[in-house]
Amino acid sequence: MKKVLVLEDEASIRSFVVINLKRSGYEPIEAATGAQALEQIRQHPDIKVALLDIMLPDIDGFEVCRRIRATDSNMGIIMLTARTQEMDKVTGLMTGADDYVTKPFSPSELTARIDALYRRVGGDSAAEAVEIRQGPFKLNVRNRTLEKNGQRIKLTQVEYSIMKLFMDNPGKAMSREDILNAVWGRDYFGELKIVDVNIRRLRIKIEDDSTNPTYITTIWGYGYKWGF
Ligand code: CA
């Protein structure tokens, strides 16, 4: 499914957009605040296009855009602007956004813009492999599932993201900071220990013997490496 983030604090506008996106074959991922939007993007790394309202109860849409752009230059971003907002200010602040739509907008106008942007960011192409196979492991990127020797292994979203990162970088030493930034995002101010906690849990799930790991090896004082 083609995921589109819909950040809009007014529930009536949000549901109007959501209904129309579903009709056009998209899977809307909803957020009512800037913080929720950033969290949804962390949980759905396959979101290709984001609609960002500007006036929000917490951080404004421009700030959300800036934070998305800090880690992702590929996502298509459309700002939803009110007609009352001064357009020179909007366009001046729009540096990171790809397009804007002025409220009130018609459903066909909005979906036409999203379709165009989706094509541009390559959301329609099958450029990314659906499956990554390495050793006994098969990661399905579309379903976000992992199998080992044909057996499904249940993963949390974070564990899946770590596996995806490892399988995209086989044999590469990854620092704990690299893993934290890639999986939790640069805006996460938690401790590096969270990486170790998740790796420990992941090892119990995927290693033949988690006390003697062979797939995820520790690089002392640095981080971890995925390989065989
Ligand atoms: Ca608003």
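This is a predicted model: local features need pLDDT of at least 70, side-chain atom pairs count only at pLDDT 80 or more; totals for chains, interfaces and linings use all residues.
User: Where do I start with the protein chain, and how many helices and strands does it have?

Analyst: Start with the overall counts. The protein chain has eight helices and 12 strands, and its C-alpha atoms fill a box of roughly 60 × 35 × 25 Å along the principal axes. Of its 228 residues, 44% are buried. The exposed surface comes to about 12,000 Å², with carbon and sulfur atoms supplying 50% of it.

User: What share of contacts joins residues at least 24 apart in sequence?

Analyst: Counting contacts between residues at least 6 apart in sequence, 54% join residues at least 24 apart.

User: Are Asp-9 and Asp-53 buried or exposed?

Analyst: Residues count as buried under 20% relative accessible area and as exposed over 50%. Asp-9 has 30% relative accessibility, so it counts as partly exposed. Asp-53 has 3%, so it is buried.

User: How do I read a nonpolar core, and which residues have the most contacts inside the largest one?

Analyst: In soluble globular proteins, nonpolar side chains tend to be buried together. The largest nonpolar core in this model has 25 residues, and Phe-166, Ile-179, Ile-206 and Trp-226 have the most contacts inside it. Two or more residues each come from strand 7 (137-140), helix 6 (157-168), helix 7 (176-184), helix 8 (193-206) and strand 12 (223-226). Helix 6 gives the most to this core, with six residues. Apart from this core lies another, of 20 residues, among them Ile-29, Ile-41, Ile-47 and Leu-56.

User: Which residues does Ile-206 touch?

Analyst: Leaving out residues up to four places away in sequence, Ile-206 touches Phe-137, Leu-146, Lys-148, Ile-153, Met-163, Tyr-215, Ile-216 and Trp-226.

User: What can I learn from the buried residues of helix 3?

Analyst: An α-helix has 3.6 residues a turn, so residues three or four places apart point the same way. In helix 3 (residues 61-71), the buried residues include Gly-61, Phe-62, Val-64, Cys-65 and Ile-68. These residues lie on the same side of helix 3, because they cover an arc of only 155 degrees around the axis. At the N-terminal end, Asp-60 caps helix 3, with a side-chain oxygen 3.0 Å from the backbone nitrogen of Phe-62.

User: Is Lys-164 buried or exposed?

Analyst: Lys-164, in helix 6, counts as buried because its relative accessibility is 15%. Its side chain makes a polar contact of 2.8 Å with the side chain of Asp-168.

User: Which peptide bond is cis, and what are the phi values of Arg-144 and Asn-149?

Analyst: For backbone geometry, look at omega and phi. The peptide bond from Lys-103 to Pro-104 is cis, with omega near -5 degrees; Pro-104 is in the loop between strand 5 (99-103) and helix 5 (107-120). Arg-144 has a positive phi, near 55 degrees, and lies in the loop between strand 7 and strand 8 (145-148). Asn-149 also has a positive phi, near 50 degrees, in the loop between strand 8 and strand 9 (151-153). Arg-144 is buried at 16%, whereas Asn-149 is exposed at 59%.

Methods: Residues are numbered from 1 along each chain as its sequence is written. Side-chain values use heavy atoms; hydrogens and water are left out. Buried means under 20% relative accessible area, exposed over 50%, partly exposed in between (1.4 Å probe, protein chains only). A nonpolar core is a set of buried Ala, Val, Leu, Ile, Met, Phe, Trp, Tyr and Cys residues joined through side-chain atoms within 4.5 Å. Helices (H or I, at least four residues) and strands (E, at least two) are DSSP runs, numbered from the N terminus. Contact means heavy atoms within 4.5 Å. The arc is that of the directions from the helix axis to the C-beta atoms. A polar contact is a pair of N or O atoms within 3.5 Å; within protein, one must be able to donate a hydrogen and the other to accept it, and residues adjacent in sequence count only if both atoms are side-chain atoms. Accessible areas come from the Shrake-Rupley method with a 1.4 Å probe; for residues, only the protein chains shown count as cover.
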